[in-house]
Amino acid sequence: MTFQQALGLTIQELRVRRQERVSVFAKNCNINAQTLRKLEKGLSAPRLSTIYKIASYSGISPKDLMCMAESKEQDSKSLLYRILHGEQLTPEEAEYVAKEL
């Protein structure tokens with residue numbers, strides 16, 4: 001998972017916590033709904049002003065939003081995460097897992 005994808009997933013989680021549709025969340029953040037859809041899918045990188053708008057509406061700081069996404073990106077690189085999500089392991093990782101189990 002790239003940082004851009006992790007940020008999109010984080011934004012989506014913030015929206016879902018508020019139980020809002022994309023159109024409502026986007027309107028409340030004062031951003032375009034299509035922009036929000038692209039961000040949530042990790043298809044585009046947000047402008048700094050967009051990060052501020054989303055964070056502000058979500059009641060967190062822009063720094064917290066970025067840290068949440070960074071944490072999600074790091075978690076996605078863990079071996080356990082990759083195994084649980086059916087991602088391909090390197091031969092070395094597969095050998096390690098076989099030995100430990």
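Me: Which backbone nitrogen does a side-chain oxygen of Asn32 reach at the start of α3?

Reply: A polar contact is a pair of N or O atoms within 3.5 Å; within protein, one must be able to donate a hydrogen and the other to accept it, and residues adjacent in sequence count only if both atoms are side-chain atoms. Here the oxygen of Asn32 comes to within 2.7 Å of the backbone nitrogen of Gln34. Helices are DSSP runs (H or I, at least four residues), numbered from the N terminus. The model is predicted: local features need pLDDT of at least 70, side-chain atom pairs count only at pLDDT 80 or more, and totals for chains, interfaces and linings use all residues. Residues are numbered from 1 along each chain as its sequence is written, and side-chain values use heavy atoms, leaving out hydrogens and water.

Me: Which residues of α3 are buried?

Reply: Buried means under 20% relative accessible area (1.4 Å probe, protein chains only). In α3, residues 33-40, these are Leu36, Leu39 and Glu40. They lie on the same side of α3, because their arc around the axis is only 95°, taken from the directions from the helix axis to the C-beta atoms.

Me: What covers the buried residues of α3?

Reply: Contact means heavy atoms within 4.5 Å. The cover includes α1 (3-17), α2 (22-29) and α4.

Me: Is Thr50 buried or exposed?

Reply: Thr50, in helix α4 (residues 48-58), counts as buried because its relative accessibility is 10%. Not counting residues up to four places away in sequence, Thr50 touches Ile31 and Leu39.

Notes: Helix = DSSP H or I, 4+ residues; strand = E, 2+ residues; numbered from the N terminus. Buried < 20%, exposed > 50% of the residue type's maximum accessible area, 1.4 Å probe, protein only.
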